[in-house]
Amino acid sequence: MNALFASGDVGGARAILPILERCVEEGIDAAFVDNGHISKEAPSHLLRIYPEALGSIEQFEKFLFKNDIRVFIFASSLKDSTALTLARRMKAHNVPVIHVLDHWNSYQRRMETDGLPVFIPDHYAVMDDMAYRSAVEDGIDESTLMITGQPALANLAAEFAQWKTIIDRSILNHEGFDPGKRLISFISEPVEHDQGATPETPGYRGYTEKEVIRRFCEILQPFSKDIQIAMLPHPREEPDALAELWNAHKGELCGKILNLTSGRYGVFMSDSVAGMGSVLLFEAWLLGKPVISIQPGLRLPSLQMLQHRQDVVFVDSYLSISESLTDWLGGVIRGLTYNIRPDLALHEKAPDILCNLIKSYIH
């Protein structure tokens, strides 16, 4: 075994899986640590290494002795420090380490979630120019940074094209929607659970999903005859709790909670996409969908990744929600669409760029 991958949460798992699969296709002897969300999504043909085999220092060193690990690739997590711990051990044993960023936030904090000094990988891969600049401002060693694109987005355009070829708007009938109405997908997130509901909570965003969904529903009431809403729960969000919130505020709006195998499908089937800070809004923007990011009172610069994207409506003030949402909705009802964004080309190359970097350490 020459390359070992590790991650923790959903975003990290989805960022490294395309790289791992590309490496295997290229004949690289690679495996992943069976920790966190990747356990659920990794194809069965990929080699898994159980965390117990790497638990203690003694076990870790025995693993390295038995395997010829030339490079370690990991995606960080703000909640799970397992991959970071392994990265530190690898580097301490002179194994090169590549970190793959999956979101535009907490660039340095990700490298110290285990309570130790900031970890410096050999390579810190980021998605685009915006992430590069933000990472430098946040204290990441610029000599380690490289722009690679986001591997999780590599197949986005191809998947969307396939979706349009195989499935038409009849899917709306199947899901109980009206093909004659504009469909808005609202991407929910467990904001209150993750970052609290008051300014006293560390990491508080300045809003919660409960406030945003309530205002969203209130403002859309006059347009209920023209639109319908698909509420998409986050993988860590309880669908029943989101359904209760939706039912409490939907008023005259038509819609439902959609439990899809991938939130991406909710983006594909919609005419437009609304939400807060989810990466699915970025995916929708790349595909040319009208997008509105509603984050009133936002206190975290790390969640501003959509603010300066062309044609995105970005709301960070309670005072402007009504006007901004109403104006955006007017375009949605008129059938406004955009072309696929040129930025998508960079992300399509990401698995190849990172696979080639991994090869440089193996061959």
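Author: The model is a predicted one. Helices and strands are DSSP runs numbered from the N terminus, a helix having at least four residues and a strand at least two.

Reader: In which loop is asparagine 94 found?

Author: Asparagine 94 has a positive phi of about 65°, although it is not a glycine. At 69% relative accessibility it counts as exposed. Its place in the chain is the loop between helix 4 (82–92) and strand 5.

Reader: Serine 106 also has a positive phi. Does serine 106 count as buried or exposed?

Author: The phi of serine 106 is about 50°, and this residue is not a glycine. Serine 106 lies in the loop between strand 5 and strand 6. Buried means under 20% relative accessible area. Serine 106 has 13% relative accessibility and therefore counts as buried.

Reader: Which residue of strand 6 stands opposite isoleucine 98?

Author: Strand 5 (residues 97–100) pairs with strand 6 in the parallel sense, over 3 bridges. In strand 6, the residue opposite isoleucine 98 is histidine 123.

Reader: Which residues of strand 6 point the other way from His123 and Ala125?

Author: In a regular strand the side chains alternate between the two faces of the sheet. Strand 6 covers residues 123–126, and all four named side chains are buried. His123 and Ala125 point one way, and the other way point Tyr124 and Val126.

Reader: What is the bridge partner of valine 126 in strand 7?

Author: Strand 6 and strand 7 (residues 145–147) pair in the parallel sense, with 3 bridges. Within strand 7, the bridge partner of valine 126 is isoleucine 147.

Reader: How many residues of strand 8 are buried?

Author: Strand 8 runs parallel to strand 9 (residues 227–232), to which 6 bridges join it. Another 4 bridges join strand 8 to strand 11 (residues 272–275), also in parallel. Strand 8 is mostly covered, and the buried count is 5 of its 6 residues.

Reader: How far apart in space are proline 179 and glutamine 228?

Author: Proline 179 lies in the loop between helix 7 (170–174) and strand 8 (182–187). It is partly exposed, with a relative accessible area of 34%. Proline 179 and glutamine 228 are 49 residues apart in sequence, while their C-alpha to C-alpha distance is 9.8 Å.

Reader: What is the angle between the planes of tryptophan 163 and tyrosine 265?

Author: The count of aromatic pairs comes to 9. One of them joins tryptophan 163 and tyrosine 265, with 5.6 Å centre to centre. Planes under 30 degrees apart count as stacked. This pair is stacked, and the angle between its planes is 15°.

Reader: How many residues apart are tryptophan 163 and tyrosine 265?

Author: Tryptophan 163 is buried, with a relative accessible area of 15%, whereas tyrosine 265 counts as partly exposed at 31%. Tryptophan 163 is in helix 6 (residues 156–166) and tyrosine 265 in helix 11 (residues 263–269), a separation of 102 residues.

Reader: How far from the ring centre of tyrosine 338 does arginine 341 lie?

Author: The charged end of arginine 89 sits over the ring of phenylalanine 60, 5.8 Å from its centre. Arginine 341 lies over the face of tyrosine 338, and its distance from the ring centre is 5.0 Å.

Reader: How many disulfides does the structure hold?

Author: A disulfide needs two cysteine sulfur atoms within 2.5 Å. The sulfur of cysteine 254 is too far for a bond, because the closest cysteine sulfur, in cysteine 217, is 12 Å away. Cysteine 355, which is buried at 2% relative accessible area, has the sulfur of cysteine 23 as its nearest, at 3.8 Å. The number of disulfides in the structure is 0.

Key:
Residues are numbered from 1 along each chain as its sequence is written. This is a predicted model: local features need pLDDT of at least 70, side-chain atom pairs count only at pLDDT 80 or more; totals for chains, interfaces and linings use all residues. Side-chain values use heavy atoms; hydrogens and water are left out. Rings of Phe, Tyr and Trp (its six-membered ring) pair if their centres lie within 6.5 Å; planes under 30 degrees apart count as stacked, over 60 as edge-to-face and the rest as tilted. Buried means under 20% relative accessible area, exposed over 50%, partly exposed in between (1.4 Å probe, protein chains only). A charge sits over a ring if NZ of Lys or CZ of Arg is within 6 Å of the ring centre and within 35 degrees of the ring normal. Two strands pair if DSSP finds at least two bridges between them.
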